[in-house]
Amino acid sequence: MPTTEEPINQIETLSKIYDRQHYFIDRHDSMAEKLMNTLLIELSGLTILYSLLIDKIQPLSFKTLLPLFVFVVLFTASLVQLILVIRPLSSKAKNEKDKSLLNEENKKWISDSSIYYRGIVSQIKKSLEEQKVPSAVYLDRMNNRNITADLIQQIFILAQYSEFKRTKLETAIKWIIATTVIGVVAATYLLYLST
């Protein structure tokens, strides 16, 4: 059965998919930044409220400070979770001990890639060590087969990275919800104690 479908340009299509992966990663980073701003606003609000009411809630005791202490602990845990979300791929991927994002096979690709900047830098160093012209070595590697394979590998790694960020973001959101609830409880408790 004949098909009327036009042949696709693999490199062009893969490049679009590659760019799309960066969009998803940027979305996760943007969400993490908004959540971090929310956390900082909560911390600022609670700090201001505490500063305004400190004279009215004397004497300070463990009972009066407990909600604030719990808030600070949850705030710190939430902040750590958000930092894990915005941690760059390069530091996460290159860490040989960290297997949560990339396995050994994919870690090797980082230094062999002709697309990923660390791979390009690695190739330049290797070429210079071998006293070859880096641009000539790079051009020799640039053919449809190598570029297609490299793009596919990059897409897979970026998709894994996006999934890693998504799961870390979901965990961070749970911590932030708990932090917000405790923040509201702490603020209400401070207002109660001040009356």
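**Exercise 1.** In which loop is S114 found? Determine also whether S114 is buried or exposed, and which side chain it contacts.

*Solution.* The model is predicted: local features need pLDDT of at least 70, side-chain atom pairs count only at pLDDT 80 or more, and totals for chains, interfaces and linings use all residues. Residues are numbered from 1 along each chain as its sequence is written, and side-chain values use heavy atoms, with hydrogens and water left out.

Step 1. S114 lies in the loop between α4 and α5. Helices (H or I, at least four residues) and strands (E, at least two) are DSSP runs, numbered from the N terminus.

Step 2. The relative accessible area of S114 is 6%, so this residue is buried (buried means under 20% relative accessible area, exposed over 50%, partly exposed in between; 1.4 Å probe, protein chains only).

Step 3. The side chain of S114 makes a polar contact of 3.4 Å with that of R141 (a pair of N or O atoms within 3.5 Å, one able to donate a hydrogen and the other to accept it; residues adjacent in sequence count only if both atoms are side-chain atoms).

**Exercise 2.** Which residues line the largest pocket, and which helix gives the most to the lining?

*Solution.* Step 1. The lining consists of S111, D112, S122, Q123, K126, S127, E130, K132, V137 and R141.

Step 2. At least two lining residues come from each of α4 (104-112), α5 (117-129) and α6 (134-141). The largest contribution, four residues, is that of α5.

Step 3. A pocket is an open set of points on a 1 Å grid over the protein atoms alone, where a 1.4 Å probe fits, with protein on both sides within 12 Å along at least five of seven lines; lining residues have an atom within 4 Å of a point.

**Exercise 3.** How are the rings of Y116 and Y117 arranged?

*Solution.* Step 1. Rings of Phe, Tyr and Trp (its six-membered ring) pair if their centres lie within 6.5 Å; planes under 30 degrees apart count as stacked, over 60 as edge-to-face and the rest as tilted. The count by this rule is three aromatic pairs.

Step 2. Y116 and Y117 form a tilted pair, 5.2 Å centre to centre with 55 degrees between the planes.

Step 3. Y116 is buried at 10% relative accessibility, whereas Y117, at 45%, is partly exposed.

**Exercise 4.** How many helices and strands are there in the protein?

*Solution.* The protein has seven helices and zero strands. Of its 195 residues, 33% count as buried.
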